[in-house]
Structures are given as structure tokens and as C-alpha cells.
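Please read the following account with the sequence and the model side by side.

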Amino acid sequence: TPGATLSFRLIPYSENLWLLVARDVSRLLQLEQMRRDFVANVSHELRTPLTVVHGYLEMLDPDEHPEWAPMLTEMQKQSQRMAQLVEDLLTLSRLESQEGLAYEEPVAMAPLLATLRREAEALSQGRHEIVVEDSAGVDLYGSAKELHSAFSNLVGNAIRYTPAGGRVAVRFRPERGGAQGVVLEVADTGYGIPAAHLPRITERFYRVSNSRSRESGGTGLGLSIVKHVLHLHQARLEIASEVGQGSTFSCHFGAERVRPRLLEVS
Ligand code: ADP
């Protein structure tokens, strides 16, 4: 078939014979593209009506309408959640359709780490010990916006899945064992993730416990976004976790993503 996309597999057949199997995967790719387009179109269409509903709801002050206060507060919370879900779906569609990064730039890590600290403090509201360490002393090269969104998702999860009194640490450090490259690590002393769930944890909407995750206010798309952002930076996500002890999410960047830090921003 002209224009078809073929997938080839080499399978051992006997001692000195191999089988070459060619499969036409054009239809599969086409269906995958249709799925992506559908999700992107629906999310896009939902964005405007949701913004209007959310905007008007935000204008209503529950304190001025005591009889509706519980309902108003819940409606505001849920419309905020829906708006976040639509934004995350759009982000994911955009990331999935990208072959590489559209724009690359030096990403100053000192201000980015300071922003992550502020975000963690705002989410935690004093309930956790928050540590931010920067021992790498270099900057990254890539998309500042996408990297911020990935790291921010990891920090948000660490706070949301760690009970009060726990500790959340963000470390930007050199790769260990003499390897080149750097690691952005987010470690928590939270609930942890059972080993059986780890292989699927970065799939969209995959959750360990539905009730806890829903209560936490997430959209179920955070780790999928992290995975795609890292993939676009040729970086690798490593997850170490123990139930009841905590989790560590490490983003490993190769030497080609490292830039000397020229300017210290205080
Ligand atoms: P969500 O919006 O549900 O948090 P994510 O994709 O960010 O979606 O995470 C997927 C699931 O992985 C979460 O529902 C939660 O069960 C688990 N998870 C993610 N981060 C952590 C963490 N730091 N500690 C424990 N569980 C986590």
C-alpha cells in the first residue's frame, strides 16, 4: 500500500533461521490520531463555557449569601476542578502531538527552585517541613514552561500525598556514581505507592486509590504530563516508593541538557 506505515519484527525461528514479520500499522496510527484529535477538540470546546460558568460563580461571595454558602462553595470548588481538568487535557494533547521541543532556552534553576518552594508552601499552608536544596550549581537547557509544569506537578503530589507533619524535599543535584548529568528529585515522607501500581502510575487517569486521589483535588493527569515533558527533554523519570515511608520521584537529565550557571539570581 503506498504511504503505509510498516512495523517490522525479527523473530528467531530455528537455529539459523529468523522470521521477518512486517505489519501495516497505518490504521492503528490513524485511530490513535483520531483519539488525540477528539480529546483535544472536546477539551477546547469545553473551555469557553466553563470559563464563563467559573467566572460568574467566582463573583458570588458565599458570605453575602449565607443560605447558599455550602452549595456555592462546593460549586466553586468543582468548577475550578473542571477548569483544571480541561487545562491539563489540553496540555497533554499538545505535548503528545509534539515530536520535539518547539523552543529551547537556558532555564535558570535558582528562580525555578524558588518558585517551587513558594508553590509548596502555598499548598502545604504550614502543615509540612519543606526543604529545597541546590547542589548542582548548573542550569538546564530546554523549555522553562514545560519543565516548571512537570516539577510543579511532582511537588504538588508530594504535598497532597503526605500527611501533615511530613517532609517534602526538592533537590537539584549532580548525577551519582561519576555519571554526567543532573537530577531533579522530589522526595516525600508520605503514603507511598504499592510496587504493583508503579508500572502504570504515569498512565493518564491511573490512580492508586480513587477516594484519596479525588479528595486530594488532582486531575489524574499530572504524572502523564511529567512523563511527556521529560520525554521531550530526553530525560528519564525514576520512582522509588515504599508504602507508609514515602516516595522519591527523580528526573534524570543527560549532560546535553546541562548548562553552566552564568548568572546567580538571588
Ligand atoms: P492525581 O491528580 O490523581 O494526583 P497524578 O497523575 O499526578 O494524578 O498521580 C497519579 C496517582 O499516583 C495519584 O492518584 C496517586 O495515587 C499516586 N501518586 C502520585 N504522586 C504520589 C506521591 N508523591 N505519593 C503517593 N502517591 C502518589
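The chain has six helices and 10 strands; helices (H or I, at least four residues) and strands (E, at least two) are DSSP runs numbered from the N terminus. This is a predicted model, in which local features need pLDDT of at least 70 and side-chain atom pairs count only at pLDDT 80 or more, while totals for chains, interfaces and linings use all residues. Residues are numbered from 1 along each chain as its sequence is written, and side-chain values use heavy atoms, with hydrogens and water left out.

Taken along the principal axes, the C-alpha atoms of the chain fill a box of roughly 80 × 45 × 40 Å. The chain exposes about 15900 Å², of which carbon and sulfur atoms supply 56%; accessible areas come from the Shrake-Rupley method with a 1.4 Å probe, and for residues only the protein chains shown count as cover. Of the 266 residues of the chain, 37% count as buried, where buried means under 20% relative accessible area, exposed over 50%, and partly exposed in between (1.4 Å probe, protein chains only). Among contacts between residues at least 6 apart in sequence, 66% join residues at least 24 apart; contact means heavy atoms within 4.5 Å.

The largest nonpolar core has 41 residues, and M109, L113, L140, F151, F172, L184 and F253 touch the most other members. Such a core is a set of buried Ala, Val, Leu, Ile, Met, Phe, Trp, Tyr and Cys residues joined through side-chain atoms within 4.5 Å. Helix α4 gives the most to this core, with seven residues. In soluble globular proteins, nonpolar side chains tend to be buried together. Leaving out residues up to four places away in sequence, F253 touches L140, L147, F151, G181, V182, L184, L230, H233 and A235.

Which residues come nearest to the ligand? Of the 20 residues around the ligand, these are N157, Y161, R207, S213 and G220; a residue is near a molecule if one of its heavy atoms lies within 4 Å of it. By class, this shell has nine nonpolar, eight polar and three charged residues. Here Ala, Val, Leu, Ile, Met, Phe, Trp, Tyr, Cys and Pro count as nonpolar, Asp, Glu, Lys and Arg as charged, and the others, Gly among them, as polar. At least two residues of the shell are supplied by each of α4 (144-160), α6 (222-232) and β9 (246-253), and α4 gives the most, with three.

Oxygen atoms of the ligand lie 2.9 Å from a polar backbone atom of T219, 2.9 Å from one of L223 and 3.1 Å from one of V208. Taken alone the ligand exposes 530 Å², and the protein buries 97% of that.

N157 lies in helix α4 and is buried, because its relative accessible area is 13%. Its side chain is joined to that of R160 by a polar contact of 2.5 Å (a pair of N or O atoms within 3.5 Å; within protein, one must be able to donate a hydrogen and the other to accept it, and residues adjacent in sequence count only if both atoms are side-chain atoms).

Helix α6 holds I225 and H228. I225 counts as buried because its relative accessibility is 1%. Beyond four places in sequence, I225 touches D88, T91, L92, L95, S149 and N153. H228 is buried as well, with a relative accessible area of 19%. The side chain of H228 reaches the backbone oxygen of S224 at 3.0 Å. With neighbours within four places in sequence set aside, H228 is in contact with L92, L95 and E96.
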